[in-house]
Amino acid sequence: MLFNSLEFLLFYLPLVVAGFFWLGRVNQQLAAAWLAAASLFFYGYWDHRYLLLLGGSIAFNFFAGYGISRASGAVRKQLLGFAIAVNLLAIAYYKYADFFILTVNAASDAGIPLLNVALPIGISFFTFTQIAFLVDTYQGKVQEYRFVHYVLFVTYFPHLIAGPVLHHREMMPQFAESRIYRASALSIAVGISIFAVGLAKKVLIADNIAPLANHAFEPNASPQLLDAWLGVLAYTFQLYFDFSGYSDMAIGLSRMFGIRLPLNFNSPYKAESISEFWRRWHMSLSRFLRDYLYVPLGGNRSGPVGRYRNLMITMLLGGLWHGAGWTFVVWGALHGVYLVINHSWQALVRRLNWRTGNAYRWSARCLTFAAVAFAWVFFRAVDFTTAISVIKGLGGAHGVLLPEVARTLVAPLGALGLQPSFGWSRSFDAFGLAVLATAMLLAFFAPNTQEIFRRFEPCLEQLSEPRDWPWLAWMPSRLWSIGLAVMLCACILSLNRPSNFLYFQF
């Protein structure tokens, strides 16, 4: 079931919200169980066969965590290692088994048959969430072991499929608060409003620029110069608004229940360095990789060489987490190299005591965006052949064609006897270009959802340097109601063919 589908908006969500608050008046544990059951139904709607996998994972990790909390000494550490190994083996089988076989076959012509294992949706997210729970338990940070609340913590439908990666200590105390079981008009209004903004990002922006990206990244497409550049830019902003939209929808849905999810997306294309980009993009995953991989590897405690080694390992594994393919490994390696260069450069700037002004900051922002967009080529391409073809297209190796829409712009030259020698491509229409231009303006210059709703959504106060936009701050007013109602209507009218969120494949 998709957030951007009519069955979710018109049937599932109203029924779940109404049932939760009705049961909350009777018994809070029943309400929590209802929400957990509804979340399991949400997951099983995709493929009921994997409900057993999800249920088994939940039961195993709950009792493993309980055992870790009761054990002591070496046994405690052994239990943690065993439980983490079981989780990683499950991911290795379902997500990487065929990738490993393909790699072995390519290297040795072994001819090992593929297992053709179907990837359970969201397995990385609910597994990483539970690994964090196990480590937190080992470190003594977990205090509550109510099974119903734990099931809800793992399966909670706003985050189950595409994050954020949650910490036990962030959610369990909220499930124990009596306030969330009482309907709040303000919480519902804020939640619906944030959800509407996220839905618009997905349906009205991301989905409408997807065809531009798809054309450039088709196998054997050999995109021309302009096709390649527009295709890469289109995917860069399609992914931005797709994931930003999902993150907003997850926060908005959760807010309807009075539950606050951690911030997961904060205008990453406004970042002035690659390290700042990762503090703004998929923030919960960045936090997980830092706390449970980079720091245990030694972090920056081993000097510059050790720090750069740990950064490379972390980003390589982060790339592999996103997908079982060498293109994802290259994407992670690129970001590892970017981070090494960034930290080396920052150290040089500090050592020389250089002063940085607005020109430096804008140059840094443009360079960071260009580096990120280039790396997205490997993230999007289905294989190396396609990625290299797109990169060649960026350099004009496949020739130059102008979009058909530009023909009208040069038509006046014909009256002067000047006829351009360019060919014409019908790949990009005026509507797609207009949506892409709008997306760029919004991403670079407009306030983000957190800045608009910050006054009414405390979890969004995590902004490091919040900006005030008083002229566009959300208020429970008639004007905002009308605007959001129009936006929702436009989205619903565009839901004839709802599309998956891009992060669902991870």
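**A guided tour of the predicted chain**

The model is predicted, so local features need pLDDT of at least 70 and side-chain atom pairs count only at pLDDT 80 or more, while totals for chains, interfaces and linings use all residues. Residues are numbered from 1 along each chain as its sequence is written, and side-chain values use heavy atoms, with hydrogens and water left out.

Display the C-alpha atoms next. Along the principal axes they fill a box of roughly 85 × 60 × 55 Å. Switching to a cartoon shows 20 helices and 2 strands (DSSP runs numbered from the N terminus: H or I of at least four residues for helices, E of at least two for strands).

Of the contacts (heavy atoms within 4.5 Å) between residues at least 6 apart in sequence, 73% join residues at least 24 apart.

Select F3, F8, F157, F237, Y269, W281 and W376. These have the most contacts inside the largest nonpolar core, which has 144 residues. Such a core is a set of buried Ala, Val, Leu, Ile, Met, Phe, Trp, Tyr and Cys residues joined through side-chain atoms within 4.5 Å. Helix α10, residues 225–256, gives the most to this core, with 17 residues. In soluble globular proteins, nonpolar side chains tend to be buried together.

Centre on F8. Not counting residues up to four places away in sequence, F8 touches M1, L2, F3, L13, P14, F42, F157, F195 and L253.

Move to helix α3 (residues 51–70) and select L54. L54 counts as buried because its relative accessibility is 0%. Beyond its neighbours within four places in sequence, L54 is in contact with L40, Y43, F126 and T155. A C-alpha to C-alpha distance to F125 gives 11 Å, across 71 residues of sequence.

Finish at D136, in helix α5 (residues 123–138). Is D136 buried or exposed? At 0% relative accessibility, D136 counts as buried. With neighbours within four places in sequence left aside, the contacts of D136 are K141, V142, H167, H168, R169 and Y292.

Key: Buried < 20%, exposed > 50% of the residue type's maximum accessible area, 1.4 Å probe, protein only.
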